[in-house]
Every structure is written in structure tokens, then in C-alpha cells.
Amino acid sequence: MSLSTATAEQLETLPGVGPALARAITEFRDKNGGFSSVDQLRDVNGIGERRFADLQPVVRP
């Protein structure tokens, strides 16, 4: 799933992502002009190492 184009509803289908985290991801994307790297997920409030490890294999910038 693309972090740069997915809707909040689509992001909620990812492991460990609920409405608040989906909103944080889309807000980060809007402020920063999208994602150029999956590693930028670490900069989203609410994503720690464990959640990042779950998301890394199933998303792309």
C-alpha cells in the first residue's frame, strides 16, 4: 500500500493502525509533501519501533 496515496480508511486496514494513527499518517503526509521513504513513518507520532516493524513490509512510499 502506498503511504503517499492511501486514504485514511485504507490505512486503517494495516496492522495496528486505527483511526487516530491513520489521521496522523495523512497529516504527516500533507505537511511534508508525501513520503519519499518508508523510514519516514518513524517520524509519525504514534509509530514506535514495534509498529514500524509490522508496517514496513506491507507499505511503500
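**View 1. One aromatic pair turns up in a search of the whole predicted structure.** F28 and F35 form this pair, with 5.2 Å from centre to centre and 35° between the planes. The arrangement is tilted. Rings of Phe, Tyr and Trp (its six-membered ring) pair if their centres lie within 6.5 Å; planes under 30 degrees apart are stacked, over 60 edge-to-face, and the rest tilted. F28 is buried at 14% relative accessible area. F35 is buried too, at 6%. Buried means under 20% relative accessible area, exposed over 50%, and partly exposed in between (1.4 Å probe, protein chains only).

This is a predicted model: local features need pLDDT of at least 70, side-chain atom pairs count only at pLDDT 80 or more, and totals for chains, interfaces and linings use all residues. Residues are numbered from 1 along each chain as its sequence is written, and side-chain values use heavy atoms, with hydrogens and water left out.

**View 2. D39, R42 and E49 are linked in a network of salt bridges.** A search of the whole structure gives two salt bridges. A salt bridge needs a side-chain nitrogen of Lys or Arg within 4 Å of a carboxyl oxygen of Asp or Glu. D39 bridges to R42, with the closest N and O atoms 3.7 Å apart. R42 also bridges to E49, where the closest N and O atoms are 3.4 Å apart. D39 is partly exposed at 39% relative accessibility. R42 is partly exposed at 40%. E49 is exposed at 53%.

**View 3. The largest nonpolar core has 18 residues.** Such a core is a set of buried Ala, Val, Leu, Ile, Met, Phe, Trp, Tyr and Cys residues joined through side-chain atoms within 4.5 Å. L11, I25, L41, V44 and I47 have the most contacts inside this core. Helix 2 (19-32) and helix 3 (49-55) each supply at least two of its residues. The largest share, five residues, comes from helix 2. Helices (H or I, at least four residues) and strands (E, at least two) are DSSP runs, numbered from the N terminus. V44 touches L21, A24, I25, F28 and F35, leaving out residues up to four places away in sequence. Contact means heavy atoms within 4.5 Å. In soluble globular proteins, nonpolar side chains tend to be buried together.

**View 4. R29 is buried yet has no salt bridge.** R29 lies in helix 2. The nearest side chain of opposite charge is D30, at 4.1 Å. For charge, Lys and Arg count as positive and Asp and Glu as negative; His and the chain ends are not counted. Setting aside neighbours within four places in sequence, R29 contacts L3, S4, T5, A6, G34 and F35.

**View 5. S2 sits in the segment before helix 1 (8-11).** S2 is buried, with a relative accessible area of 11%. Its side chain reaches the backbone nitrogen of S4 at 3.3 Å. Beyond residues up to four places away in sequence, S2 touches R60 and P61.

**View 6. V17 is in the loop between helix 1 and helix 2.** V17 is buried at 7% relative accessibility. Not counting residues up to four places away in sequence, V17 touches L11, E12, A22 and L55. The C-alpha atoms of V17 and G46 are 9.7 Å apart. Along the chain, V17 and G46 are 29 residues apart.

Methods: A polar contact is a pair of N or O atoms within 3.5 Å; within protein, one must be able to donate a hydrogen and the other to accept it, and residues adjacent in sequence count only if both atoms are side-chain atoms.
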